[in-house]
Amino acid sequence: GINAEYMGSSVKIVKEMMPSVCLILLALSVFSSAFPKLEKNNENINADLENHYQRALEAAIGDFSQSMYVHLAQTSGEENFVFSPLSLHSALTLLYLGTKDNSVTQQQLELAMGIVNI
């Protein structure tokens, strides 16, 4: 069977620990109710950053497309021409990702594509 002395000491330990356990549970309850707010704030911050980067990318591609069109219109010698600014930007982005940090090529591509604060 179960040793009565052992059982008595276990009950005594549980009774002594009860206030501490209650405080810990209360603290966990308070903190856990704060986490959704923190998580929601992080989601808002992430959404704001994502929107900022989305607008910056759209502006950079728009500026790049405009400058490429002007350059091609002035230098092509043809009245009509077709080009894909998104394809050009994508190819130059891949080239940019393959350049060494702080190289002249990287800096030139940053200027051409409107890349800032990377």
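Residues count as buried under 20% relative accessible area, as exposed over 50%, and as partly exposed in between, with a 1.4 Å probe and protein chains only. The model is predicted, so local features need pLDDT of at least 70 and side-chain atom pairs count only at pLDDT 80 or more, whereas totals for chains, interfaces and linings use all residues. Residues are numbered from 1 along each chain as its sequence is written, and side-chain values use heavy atoms, with hydrogens and water left out.

**View 1. The protein chain as a whole is built of three helices and zero strands.** Helices (H or I, at least four residues) and strands (E, at least two) are DSSP runs, numbered from the N terminus. Along the sequence the pattern reads α-α-α. Of the 118 residues in the protein chain, 9% are buried. Contact means heavy atoms within 4.5 Å; among contacts between residues at least 6 apart in sequence, 29% join residues at least 24 apart. The accessible surface, from the Shrake-Rupley method with a 1.4 Å probe and with only the protein chains shown as cover for residues, comes to about 10000 Å², and 62% of this surface belongs to carbon and sulfur atoms.

**View 2. I45, L49 and Y53 form a nonpolar patch on the surface.** Patches are made of residues with over 30% relative accessible area and no salt bridge; like charges are joined within 9 Å and nonpolar side chains (Val, Leu, Ile, Met, Phe, Trp, Tyr) within 5 Å. A salt bridge is a side-chain nitrogen of Lys or Arg within 4 Å of a carboxyl oxygen of Asp or Glu. Together the three residues of this patch have about 320 Å² of accessible area. Y53 is placed in helix α1, residues 4-75, and counts as exposed because its relative accessibility is 55%.

**View 3. The largest nonpolar core consists of F64, Y96, L109, M113 and I115.** Such a core is a set of buried Ala, Val, Leu, Ile, Met, Phe, Trp, Tyr and Cys residues joined through side-chain atoms within 4.5 Å. In soluble globular proteins, nonpolar side chains tend to be buried together. Leaving aside residues up to four places away in sequence, I115 touches Y96 and E110.

**View 4. Helix α3, residues 104-113, has Q106, L109 and M113 buried.** These residues lie on the same side of α3 because they cover an arc of only 65 degrees around the axis, the arc being that of the directions from the helix axis to the C-beta atoms. V104, Q108 and L111 are exposed on the other side of α3. For Q108, the relative accessible area is 51%. Just after α3, G114 takes a positive phi of about 75 degrees.

**View 5. The loops between the helices contain S84 and N102.** S84 is found between α1 and α2 and counts as partly exposed because its relative accessibility is 32%. S84 and Y69 are 15 residues apart along the chain, and their C-alpha atoms are separated by 9.7 Å. N102 lies between α2 (85-97) and α3. Its phi is near 60 degrees, a positive value in a residue other than glycine. N102 counts as exposed, at 66% relative accessibility.
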